[in-house]
Amino acid sequence: MDENPPVRQWRVPATLPAVKLVGAVLLVALGLLFADGDPVRLVVAVLAAATLAGWAVRDLVAPVRLAVDPAGLTVIHGFAGRRSLPWSTVEAIAVDRRARMGLTSDTLEIDAGDSLHLFGRYDLGANPEEVAAELRAARPNP
């Protein structure tokens, strides 16, 4: 049994993997429709669909991207692994806001010294500003 069950978890929204899988099917369908005898078009469509499907599988296998407990943070690592970050290794929790092509995106940044962990809205299923505030509140005072 886990000694420190997560106080709070953030996960990929449940609908996102389904949307990605539907997108993969549509890519293959479009590849078949527009291939017109050209195998390269079909191969490109299938490769793009396989990439999107792999991304969806990751969302299904490891939906929890970030968790916090009294001991520290647990973040996704690699395709579906987990990495524990004790509070002593967490140097900063910040939100980076960028405007591109008329759209603004927020990214939660967790600086753990030797590693930087980035999470967007669709990784967390929540606003990164709100998650950052919760993480700062959960952090024990030194």
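How many helices and strands does the protein have? The protein has 4 helices and 7 strands, where helices (H or I, at least four residues) and strands (E, at least two) are DSSP runs numbered from the N terminus. This is a predicted model, in which local features need pLDDT of at least 70 and side-chain atom pairs count only at pLDDT 80 or more, while totals for chains, interfaces and linings use all residues. Residues are numbered from 1 along each chain as its sequence is written, and side-chain values use heavy atoms, with hydrogens and water left out.

**Overall build**

- From the N terminus on, the order of elements is β-α-α-β-β-β-β-β-β-α-α.
- The radius of gyration of the protein is 19 Å, well over the 14 Å that the globule rule gives for 142 residues, so the protein is more spread out than a compact globule. This radius is taken over C-alpha atoms, and the globule rule is 2.2 Å times the number of residues to the power 0.38.
- Along the principal axes, the C-alpha atoms fill a box of roughly 65 × 45 × 25 Å.
- Of the 142 residues, 32% are buried. Buried means under 20% relative accessible area, exposed means over 50%, and partly exposed is in between (1.4 Å probe, protein chains only).

**Salt bridges**

- The whole structure holds 8 salt bridges; a salt bridge is a side-chain nitrogen of Lys or Arg within 4 Å of a carboxyl oxygen of Asp or Glu.
- One of them joins the side chains of Lys-20 and Asp-59, at 2.5 Å from N to O. Lys-20 lies in helix H1 (residues 15-34) and Asp-59 in helix H2, so the pair ties together parts that are 39 residues apart in sequence.
- Lys-20 is buried at a relative accessible area of 7%, and Asp-59 is buried at 2%.
- Asp-59 also forms a salt bridge with Arg-65, with the closest N and O atoms 2.5 Å apart; both residues are buried.
- A network of salt bridges links Lys-20, Asp-59, Arg-65 and Asp-123.
- Arg-98 and Asp-96 form a salt bridge too, their closest N and O atoms being 2.6 Å apart. Arg-98 is partly exposed at 42% relative accessibility, and Asp-96 is partly exposed at 21%.

**Nonpolar surface patch**

- Leu-21, Val-57, Leu-60, Val-61 and Phe-79 make a nonpolar surface patch of about 450 Å². Patches are made of residues with over 30% relative accessible area and no salt bridge, with like charges joined within 9 Å and nonpolar side chains (Val, Leu, Ile, Met, Phe, Trp, Tyr) within 5 Å.
- Helix H2 (residues 39-61) gives the most to this patch, with 3 residues.
- Phe-79 sits in the loop between strand E3 (72-77) and strand E4 (81-86). Phe-79 is partly exposed, with a relative accessible area of 49%.

**Helix H4**

- Pro-128, Val-131, Ala-132 and Leu-135 are buried in helix H4 (residues 128-138). Seen down the axis of H4, the buried residues fall within an arc of 100°, so they line one face of the helix; the arc is that of the directions from the helix axis to the C-beta atoms.
- The face turned away from the buried side carries the exposed residues Glu-130 and Ala-137.
- Ala-133, also found in helix H4, counts as partly exposed at 42% relative accessibility.
- Ala-133 and Ser-115 are 18 residues apart in sequence and 21 Å apart in space, C-alpha to C-alpha.
- At the start of H4, a side-chain oxygen of Asn-127 reaches to within 2.8 Å of the backbone nitrogen of Glu-129.

How values were computed
Accessible areas come from the Shrake-Rupley method with a 1.4 Å probe; for residues, only the protein chains shown count as cover. A polar contact is a pair of N or O atoms within 3.5 Å; within protein, one must be able to donate a hydrogen and the other to accept it, and residues adjacent in sequence count only if both atoms are side-chain atoms.
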